[in-house]
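Subject: Structure for you to look through

Dear colleague,

I am handing over the structure below, and after it you will find my notes on what turned up when I went through it. Please keep it open beside the text while you read.

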Amino acid sequence: MTSGTVQAEALWYTGAARCAIEAVPVAVPEAGEVLVQTLFSGISRGTEGLVFRGEVPASEWQRMRAPFQAGNFPFPVKYGYANVGRVLEGDSSLAGRTVFSLYPHQSAYVLPKDACMPLPDGVPSQRAVLAANMETALNALWDGKPSPGDHICVVGGGVLGLLTGYLAGRLPGTVVTVVDTNAGRTDIAGALGLRFAAPQEAPADQDLVFHTSATSAGLATALACAGDGTPVIEMSWYGANGVEAPLGADFHCRRLKLISSQVGTIPLERQARWTFRRRLEVALSLLADPVLDCLISHRVAFHDLPERLPDLLNKSSDVLAALVVYDGNPD
């Protein structure tokens, strides 16, 4: 790429279960901006699956906008928030650096320099696409307030659940169990230092429970795992889909707590000190562990996305994290 207007390509969600790659112009960066060539991006299977299927409720069309989304819900929208690229032009402080940004799936783009986070030493560009998921997991731990020695259960063994369990398991003395219907997650949980259980074997009397499965059955399992007085941190987002919560059994007499966690805001008690940038910076630093590479289960070329996305976003697929590879990547 050279100075001047760049003709880039972007993925657009164009209709229910439809997407396409379209050409988009990218202007020359102005003062304080940078031109970034994308190396990799990550697909957020939960949220992007809801966008792809047209399941974002009208009440959430504004709140669920991605930071650099183009278009409006329901369609067409350019959506995504896990982009890793190389700075080609613009502000000298980032020249030649590899950066993470909350940008959609697009081959090149211009952003203010402050919207780009340089990767810390020891975090390779491919693993860095997990930063948005790690940031969500970090935020959930702030909401859950785990303590050393706790017995903790994470119901839902997708990327978000596994990262949440990974962070919780780093606290001294904690015993963390991931619960999922897919027994294929057993080895991955073990690699992360976590126990694994099928729903029918899920541990009871837990000190803290996180729920990430986005299913009514998973929520019921999470409540059943909770000990008396235990908080259940609800991390799932169901979009326009209904959810059943078994609150008529022993929920009240056991004084269980169902607490929402959402990465769009920082917990109130931290807002005076923490910015979104500081949180993202910490999330990136937490990706230095090479064991986290096991979460990237699939790779797909950018130009193959329209063909591959229906399978990658299928709820019943065995995909954990899908890495989108662009022309010009270092592989």
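I begin with Gly190, which lies in helix α4 (residues 186-191), where helices (H or I, at least four residues) and strands (E, at least two) are DSSP runs numbered from the N terminus. Gly190 is partly exposed, with a relative accessible area of 44%; here buried means under 20% relative accessible area, exposed means over 50%, and partly exposed is in between, with a 1.4 Å probe and protein chains only. From Gly190 to Gly156 the distance is 15 Å, C-alpha to C-alpha, and the two are 34 residues apart in sequence.

Before going further, please bear in mind that this is a predicted model, in which local features need pLDDT of at least 70 and side-chain atom pairs count only at pLDDT 80 or more, while totals for chains, interfaces and linings use all residues. Residues are numbered from 1 along each chain as its sequence is written, and side-chain values use heavy atoms, with hydrogens and water left out.

The helix I would look at next is α2, residues 131-144, whose 14 residues reach 20 Å from the first C-alpha to the last, close to the 20 Å expected at 1.5 Å a residue (the expected span being 1.5 Å times one less than the number of residues). Because 13 of its 14 residues are buried, α2 is largely enclosed by the rest of the structure. After α2 comes Lys145, whose phi is positive, near 55°.

Within α2 sits Asp143, which is buried yet has no salt bridge, the nearest side chain of opposite charge being Lys145 at 5.8 Å. What Asp143 does have is a polar contact, side chain to side chain, with Ser261 at 2.6 Å. A polar contact is a pair of N or O atoms within 3.5 Å; within protein, one must be able to donate a hydrogen and the other to accept it, and residues adjacent in sequence count only if both atoms are side-chain atoms.

The largest nonpolar core has 73 residues, and those with the most contacts inside it are Tyr13, Tyr79, Phe100, Phe210 and Leu295. Helix α2 gives the most to this core, with eight residues. Such a core is a set of buried Ala, Val, Leu, Ile, Met, Phe, Trp, Tyr and Cys residues joined through side-chain atoms within 4.5 Å.

Turning to charged pairs, the structure holds ten salt bridges. In one of them Asp293 pairs with Arg127, the closest N and O atoms being 2.7 Å apart. Asp293 lies in the loop between α6 (276-285) and β16 (296-301) and Arg127 in the loop between β9 (117-118) and α2, so the pair ties together parts that are 166 residues apart in sequence. Asp293 counts as partly exposed at 36% relative accessibility, whereas Arg127 is buried, with a relative accessible area of 5%.

Another salt bridge joins the side chains of Asp228 and Arg254 (3.3 Å, N to O), and Arg254 also meets Asp250 in a salt bridge of 3.0 Å, N to O. Through these shared partners Asp228, Asp250 and Arg254 form one network. Asp228 counts as exposed at 58% relative accessibility, Asp250 is partly exposed with 34%, and Arg254 counts as buried at 16%.

Finally, some backbone details deserve a careful look, since most residues other than glycine have a negative phi, and most peptide bonds are trans. A cis peptide bond joins Phe73 and Pro74, with omega about 5°, and another cis peptide bond joins Phe75 and Pro76, with omega about -10°. Pro74 is found in the loop between β4 (70-71) and β5 (77-78), and Pro76 is likewise in the loop between β4 and β5. Asp205, although not a glycine, has a positive phi of about 55°, and Asp205 counts as exposed at 59% relative accessibility. Arg255 also has a positive phi, near 50°, and is exposed, with a relative accessible area of 66%.

With best wishes

Definitions and conventions:
Lys, Arg positive; Asp, Glu negative; His and termini not counted. Salt bridge = Lys/Arg side-chain N within 4 Å of Asp/Glu carboxyl O.
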